[in-house]
Structure formats: structure tokens, C-alpha cells
Amino acid sequence: MAKVKTTFYCQNCGTQYSQWMGQCKACGEWNTIAEEVIDKGEEKKTWKSDDSKKPSIQNIKEVSETGETRIDTLNEELNRVLGGGIVNGSVVLVGGEPGVGKSTLMLQIALHLKNVKTLYVSGEESASQIKLRAERIGIHTDQCYILTETNTQKIFRHAQEIQPQLIVVDSVQTLHTQYVESSPGSISQIRETTSELIKFAKETNTPVILIGHITKEGVIAGPKILEHMVDVVLQFEGDRNHIYRLLRAQKNRFGSTAELGIYEMMGSGLREVKNPSEVLISKKDEPLSGNAIAATLEGVRPMLIEIQALVSSAVYGTPQRSATGFDTKRLNMLLAVLEKRAGFQLGAKDVFLNITGGIRIDDPATDLAVICAILSSNMDVTLPDNCLFAGEVGLSGEIRAVNRVEQRILEAEKLGYDVIFISKYNKIKRNDFQIRVETVSKVNDLIKLLF
């Protein structure tokens, strides 16, 4: 009889140890190391593969160039984030908070693919529960099949019967294989079941979408190697207090990781937001101080966002610095630039910054709008409604050039703005814009024009 192999894993971070320890040296958590059976000594026969396709050594110049065939999801936002669609044979991992809409989005995709046979595997819901959600979303195809199963060997047998063109698994933490003796959701089970699904996807050229849970820290539950094994890692973000959901790519072997998909949560499912600029800019009956519009980019997609700032006297002595959707350290740097280069005394004042719509922006081109919103609130002077900003602010107070400024200008022109402030050092080839382009080189020059 083959010997049973066991090892010890940290259930928090996935670090492997040869013996039990009270504290994990990698993440510092206590009582998270548990013993797991990694091999029962049985021969693994996960599914019947074609033994005739044996790998052989090839010169890289002799490898045939076959283009990536993709499945059109009929969802522009998801296609954009994936890089054009789902690549055949790829494994996509989708993570997000509970209730953010991961299962709804994947079921919605499966129900709209009319010419693609889809197998939706659920280990968390019954078939009747899925049917209730499907009726609410709307069933637009007769090619979607539901399977409520958690054993990978049984999933592969059913997949061989119907030969699906796409498999959705909800979720990877509920799967288990009979070749690992541990509970579903453990480190070894997640690693082994994912490995089996990846082998199935590569050898049958069937794309697999895995829905994954996340921990309280916001990372995908399971070993970190899980994200390295798959081809694409998508993060579905959102807040229960906001109706908008953001889809980002953290890893993508077939496209860019800079793209952003925006959805609106509705009773009938997730609606694609075609023009995010209109929903991210709030409607006001009267002009208010502390509001500025920034022209930003997410991947190749230009959009306008509204930045709100509130500057008030510090009541408790120590001034507060708070930012929602913006890097707090960068906010402190911009406040220091205003103090040192422009002469504004903000060291004894509370500064609160918010990007509307629940979106988070890392584009340095929003620096100019942040400074203008802060000064507008500090001086209680309203900025003109028809102007917006696109520029990076340096430590010496200079306004630096930003990339793809013409796309930002065209987006502002399309939405009816009259003037945009950019850096003097931006090279613009066109001069036929309907919007007026104001160039400034220093923060002081911009303050003289606006205030």
C-alpha cells in the first residue's frame, strides 16, 4: 500500500511547513497552521485525455503561428477588460467581495451566449436558486446547462458528455478532488482542483472561468500560487452603498491590465455603463466651491471624474488628512507643494478629499484638479462649470505633461466643456479643437488665471 503523504499549511497565506508551528513566519498569524494530506498514494486519473498528443521539442522559429481565437461575450465592458474576449483554453479567475455581483455577471454572460454551449457548475446554489436568478436576469439562449456538483472527477465526466465550449465554476473554494484528503477550501484542495481544471482547459481547448472568494484583507482566498497558475485574474470591486461596480484586470496574459469595466447594479442584473463620464459627475442645481473636474484615462478609455474637497479649520489641534478614492500620501505631497511653492497656509487645516461614484484613481494627471478643488474650498470660490484639468504636479510646483492628452481633450469636447487646462510642455499636433486649450507651466500661473 502506498504511503500517505502529509504536510502543514498556513490557512491564511498558504506557506508550507515540514512540521507544526504556533505562529506562521510569513504572515505572523497565530494558530493558522494545520496538517493536510497532500497525496493518498493513489494513481491520479482525473479525466480521459488524449495520450497521442505527446509534447515534443521544437525550435522557436519552427513553431506554427496560430492566432488567438476568442469567444465574444456580447458584453463590451468584459471584452474590453479581457482584451477582446475569452481566449480558448484559458483559465480566468474572478474575485470580489460577497454580494458584489460575481455570480450574477457570470450567469448573465452564460445566458446571453446564444451560439456557445456553456456549462455552469455551482457548488454554492441549487439548480432552483440559479433558475430564479436566471429568470430575473432573462434567459436568451437554450445552450446554457446547469450542474450542481463539487467533485472535479464528476464534473469532468459530465463535461465529456455534453462537450461544452465554456465552463463557469462557482466557486473554486467549494471544489474537492478525491485524491486529496482535506476539506474543500483548504490550501491543498484549492491548488489541486485548480491544477486539474487548468490541465483540462489546456488539453481540450475549453476556456474555464473560476469564481473565487476573497479574504478580509481583500486578496483571493487560497495560496498565492493560485493567481500565478491561471491566465487572467479579474477583480470585481464595488460597495453596497453604491450602485456601480468596477471590473479590473490584475493579471492578463492576453491583454492589458490597465483597462476598466463599469457596471450598474439593477434588479434585472448588471447594466453596462457606456459613458462613465456622465455617471461619475454629479448633477448640481447651483455652483459649489471645492468641486473640480479631471480628465483621466483608464487603459485606453478616457473619462471625466469629479473631485470634491473640503478644507476647514482643525478643531482638535492635529489637522486631519483624509482621501476617498485617492492616495493619501500623494494628497499630503500636493498640500506640501501648495504650502512651499504657492504660499497657502494649510498646515493647520483639515483637508478631506473625495472622488465621486466610488471609483479609485491612480492617474497622476488628476493632480491639477485636486489642487484646484482644495484651493476652491479653502478660498470658498467656485470654479467655472465649463472648465476641467489634466496635468501632473511636480515637487517644485511645475505642471508636467501627461500622456495621450489629445484623447482627454476630445472626451471633454464631446461632453460640451469650454476650456481645459493642461501643461505647457504637452505636445499637441492638432489645433482644430472646438474646446479652448489653456496651457500653464506652474501652479502659480494657474492660480492667477482662476482665482
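User: Is Leu395 buried or exposed?

Analyst: Keep in mind that this is a predicted model. Leu395 is exposed, because its relative accessibility is 58% and the cut-off for exposed is over 50%.

User: Where does Leu395 sit?

Analyst: In a loop. Leu395 lies between strand E20 (392-393) and strand E21 (399-400).

User: What does Leu395 touch, leaving aside neighbours within four places in sequence?

Analyst: Met333, Val337 and Arg341.

User: And how far is Leu395 from Tyr425?

Analyst: In sequence, 30 residues. In space, the C-alpha atoms of Leu395 and Tyr425 are 16 Å apart.

User: Let's zoom out. How many helices and strands are there?

Analyst: The protein has eleven helices and 23 strands. Its C-alpha trace spans about 85 × 55 × 55 Å along the principal axes.

User: How much of the protein is buried?

Analyst: Of the 451 residues, 48% are buried.

User: What share of the contacts comes from residues 24 or more positions apart?

Analyst: Counting contacts with a separation of 6 or more, the share is 67%.

User: On to the inside. Which residues touch the most other members of the largest nonpolar core?

Analyst: Leu331, Ile374 and Phe389. That core has 47 residues. Helix H9 (residues 367-379) gives the most to this core, namely eight residues.

User: What does Leu331 touch, not counting residues up to four places away in sequence?

Analyst: The list is Ser322, Ala323, Phe326, Val351, Leu353, Val370 and Ile374.

User: What about a second core, which residues does it include?

Analyst: Val81, Ala110, Tyr120 and Leu234 are among them. This second core is separate and has 32 residues.

User: Back to H9. At what angle do H8 and H9 pack?

Analyst: Packed helices are described by the angle between their axes and the distance between the axes. For helix H8 (residues 328-342) and H9, the angle is about 65° and the axes are 11 Å apart. The crossing is right-handed.

User: Which residues make the contact between H8 and H9?

Analyst: From H8, they are Arg330, Leu331, Leu334, Leu335 and Leu338. From H9, they are Asp367, Val370, Ile371, Ile374 and Leu375. Sorted by class, eight are nonpolar, two are charged and none is polar.

User: New topic. Why does Thr194 count as buried?

Analyst: Thr194 counts as buried because its relative accessibility is 0%, and buried means under 20%. Thr194 belongs to helix H5 (residues 187-204).

User: What does the side chain of Thr194 reach?

Analyst: The backbone oxygen of Ile190, at 2.6 Å. Beyond its neighbours within four places in sequence, Thr194 also contacts Val172, Leu210, Leu226, Met229 and Val230.

User: And Thr206, where is that?

Analyst: In the loop between H5 and strand E10 (208-212). Thr206 counts as buried, at 8% relative accessibility.

User: Which side chain joins Thr206 in a polar contact?

Analyst: The side chain of Thr204, at 3.1 Å. Leaving aside neighbours within four places in sequence, the contacts of Thr206 include Gly89, Ser90, Pro164 and Phe200.

User: Now the backbone. Which residues does a cis peptide bond join?

Analyst: Asp170 and Ser171, with omega about 0°. Ser171 is in the loop between strand E9 (166-170) and H5.

User: What is phi of Asn31?

Analyst: Phi is near 55° there, a positive value in a residue other than glycine. Asn31 sits in the loop between strand E2 (16-17) and strand E3 (33-39). Asn31 is exposed, with a relative accessible area of 63%.

User: And what is phi of Gln163?

Analyst: About 50°, which is positive, although Gln163 is not a glycine. Gln163 lies in the loop between helix H4 (152-162) and E9. Gln163 counts as exposed, at 55% relative accessibility.

User: Last one. Which helix holds Asp445?

Analyst: Helix H11 (residues 443-450). Asp445 is partly exposed, with a relative accessible area of 29%. Asp445 is 165 residues from Leu280 in sequence, and their C-alpha atoms are 28 Å apart in space.

Technical notes:
Residues are numbered from 1 along each chain as its sequence is written. This is a predicted model: local features need pLDDT of at least 70, side-chain atom pairs count only at pLDDT 80 or more; totals for chains, interfaces and linings use all residues. Side-chain values use heavy atoms; hydrogens and water are left out. A nonpolar core is a set of buried Ala, Val, Leu, Ile, Met, Phe, Trp, Tyr and Cys residues joined through side-chain atoms within 4.5 Å. Buried means under 20% relative accessible area, exposed over 50%, partly exposed in between (1.4 Å probe, protein chains only). Helices (H or I, at least four residues) and strands (E, at least two) are DSSP runs, numbered from the N terminus. Contact means heavy atoms within 4.5 Å. A polar contact is a pair of N or O atoms within 3.5 Å; within protein, one must be able to donate a hydrogen and the other to accept it, and residues adjacent in sequence count only if both atoms are side-chain atoms. Axes are lines fitted to C-alpha atoms, for helices over the stretch in contact, and angles run from 0 to 180 degrees between N-to-C directions. A crossing is left-handed if the near helix is turned anticlockwise from the far one by less than a right angle, and right-handed if clockwise. Ala, Val, Leu, Ile, Met, Phe, Trp, Tyr, Cys and Pro count as nonpolar, Asp, Glu, Lys and Arg as charged, and the others, Gly among them, as polar.
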